Amino acid sequence: MSFKDRIDAGRQLGQLLIKYKDQNCVVLALPRGGVVIGAEIAKCLHAPLGLIFAHKLGHPYQPEYAIGAVSESGHLVGNAGELQAVGKNWIENEKKHQMEEIKRRRLLYLKGKKEIDLKDKVAIIVDDGIATGLTLEVGILELQDRHPLKIVAAVPVSPKGRASFFKSKIDDFVSIETPEDYRYLGAVGAYFQIFDQVEDDEVIRILEESSKVSGVK
């Protein structure tokens, strides 16, 4: 196991991202697990912490297995063959359901707060690890709509193939562990000693603490 918990992973990532400390950066985490990681990076870089909302589309017979992902504004990515197999009607219904969940989370977590302006800023999008990478992929599409100066992605662990994919799409990709695809352990949690579910209350607490430190309301 590479990391004690998400806090440990976030602190390690923060050190790898230190070159962005004085580059007017914003940390944008994918809820929920990415928020714990993002908070530690934001502390290290003295940067504000915000959110990017995206959610996976789980296979109808195996919900934990992601065949796609949708963002808040409706961007959709996924495995073309698997999406075709489940059918257009299922995709549209599941997309609608997950966008409703995104809306719920936005209202709960941000309570009407405005988005952080990303003009002329380095946007660092953060998750707690990559398996399929679909949620991060669609989150990047959402982030591109907000036109930051640069886009950086940071995760504790990613299969090498997905890391190469992201490096070709954005300005920088940072991962602590990047195993060859055939050596990847199959689940992000396998790289952590403690990988508990992050609940809504914890996300809200972290965001409130971060806003007090950064001064961003």
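What follows is a chat about the sheets, cores and aromatic pairs of a predicted model.

Me: How many bridges does strand 7 make with strand 8?
Reply: Five bridges, with strand 7 (residues 150-157) and strand 8 paired in the parallel sense. Within that pairing, Ala 154 is opposite Val 174 in strand 8. Strand 7 is also joined to strand 6 by five bridges, and those two run parallel. There, Val 122 stands opposite Lys 150 in strand 7.

Me: Is strand 7 mostly covered or open?
Reply: Mostly covered: seven of its eight residues are buried.

Me: How many bridges hold strand 3 and strand 4 together?
Reply: Six, in the antiparallel sense, with strand 4 covering residues 62-71. One of the bridge pairs is His 59 with Gln 62 in strand 4.

Me: I'm looking at Lys 56. Where is that one found?
Reply: Lys 56 is in strand 3. Its relative accessible area is 26%, so Lys 56 is partly exposed.

Me: What does Lys 56 touch?
Reply: Leaving out residues up to four places away in sequence, Lys 56 touches Pro 63, Glu 64, Ala 66, Gly 68, Ala 69, Gln 98 and Thr 135. Take Gln 98: it's 42 residues from Lys 56 along the chain, yet their C-alpha atoms are separated by 7.7 Å.

Me: Switching to the cores. Which residues in the largest nonpolar core touch the most other members?
Reply: Leu 17, Ile 41, Leu 49, Leu 51, Tyr 109, Ile 124 and Ala 154, out of 40 residues. The elements giving two or more residues to this core are helix 1 (6-16), strand 1 (25-29), helix 2 (33-45), strand 2, helix 4, strand 6 (122-126), strand 7 and helix 7 (200-214). Helix 2 gives the largest share, seven residues.

Me: What are the contacts of Ile 41?
Reply: Not counting residues up to four places away in sequence, Ile 41 touches Gly 10, Leu 13, Gly 14, Leu 17, Val 27, Val 126 and Ala 154. There's also a second, separate core of 25 residues, which includes Ala 69, Leu 118, Phe 166 and Phe 173.

Me: Now the rings. How many aromatic pairs are there?
Reply: The count comes to six aromatic pairs. One of them is Phe 53 with Tyr 109: the ring centres are 6.5 Å apart and the planes at 20°, so the pair is stacked.

Me: Where do Phe 53 and Tyr 109 lie?
Reply: Phe 53 is in the loop between strand 2 (49-51) and strand 3 (54-59), and Tyr 109 is in helix 4 (residues 88-110), so the pair ties together parts 56 residues apart in sequence. Phe 53 is buried, with a relative accessible area of 3%, and Tyr 109 is buried with 3% too.

Me: What about Phe 165 and Phe 166, how are their planes set?
Reply: At 75°, with the centres 5.2 Å apart, so that pair is edge-to-face. Phe 165 is partly exposed at 25% relative accessible area, while Phe 166 is buried at 1%.

Me: Which charged residue lies over the face of Phe 165?
Reply: Arg 162, at 4.6 Å from the ring centre. Elsewhere, the charged end of Arg 6 sits over the ring of Phe 195, 4.0 Å from its centre. Phe 195 belongs to one aromatic cluster with Phe 3 and Phe 192.

Conventions
Residues numbered from 1 in each chain as written. Predicted model: local features only at pLDDT ≥ 70, side-chain atom pairs only at ≥ 80, totals over all residues. Heavy atoms only, no water. Phe/Tyr/Trp six-rings, centres within 6.5 Å; stacked < 30°, edge-to-face > 60°. Helix = DSSP H or I, 4+ residues; strand = E, 2+ residues; numbered from the N terminus. Buried < 20%, exposed > 50% of the residue type's maximum accessible area, 1.4 Å probe, protein only. Lys NZ or Arg CZ within 6 Å of the ring centre and 35° of its normal. Pairing = 2+ DSSP bridges. Core = buried A, V, L, I, M, F, W, Y, C linked by side-chain atoms within 4.5 Å. Contact = heavy atoms within 4.5 Å.
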